[in-house]
Amino acid sequence: MADAKSEAKTAEDQDEAKPGACRQCTEMGLDCFAFFGRTTVAAASGAATMTKKCVYPVKETLLSSSDAANNYLHPWQQKRPAGSDTPTFRT
């Protein structure tokens, strides 16, 4: 008789421990949103990294071409040390 009561009590505890249908549906929905959120963040991070890696060489090439054209058209603006025949002042 004691075994039957303890078994019945154990079965009741297990029924109470099981979440309801609404709770399960809510948890599955939240898991789905978490999955989509993590995927979106990972995809955006990858796209940003790819853009940085692909755009940098193009930017450097454009700046180098711009500097070369500027130095050709305006040679006095080149960044170089003064020649040996340039007069200097002593301090």
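Is Glu60 buried, partly exposed or exposed, and what is its relative accessible area? In this predicted model, Glu60 turns out to be partly exposed, with a relative accessible area of 33%. The protein exposes about 8,800 Å², of which carbon and sulfur atoms supply 62%.

The fold is simple to describe: two helices and zero strands. Helix α2 covers residues 21–73, and its 53 residues should span 78 Å at 1.5 Å a residue; the C-alpha atoms at its ends lie 76 Å apart, in agreement with that expectation. Along the way, α2 has a kink of about 30° at Val55, shortly before the proline Pro57.

Charged side chains come next. Two salt bridges are found in the whole structure. In one of them, Glu60 meets Lys59, with an N to O distance of 3.7 Å; Lys59 is partly exposed, at 40% relative accessible area. Arg23 and Glu27 also meet through their side chains, at 2.9 Å from N to O. These two residues are four apart in helix α2, so about one helical turn separates them. Arg23 counts as exposed, with 53% relative accessibility, whereas Glu27 is partly exposed at 37%.

Turning to the cysteines, the structure holds zero disulfides. For Cys25, the closest cysteine sulfur belongs to Cys22 and is 6.8 Å away; a bond is ruled out because that is too far. Cys32, for its part, is partly exposed, with a relative accessible area of 35%.

How values were computed:
Residues numbered from 1 in each chain as written. Predicted model: local features only at pLDDT ≥ 70, side-chain atom pairs only at ≥ 80, totals over all residues. Heavy atoms only, no water. Expected span 1.5 Å × (residues − 1). Bend = angle between axes of the 7 residues up to and from the residue. Areas by Shrake-Rupley, 256 points an atom, 1.4 Å probe, with all protein chains shown as cover. Disulfide = S-S within 2.5 Å. Buried < 20%, exposed > 50% of the residue type's maximum accessible area, 1.4 Å probe, protein only. Salt bridge = Lys/Arg side-chain N within 4 Å of Asp/Glu carboxyl O.
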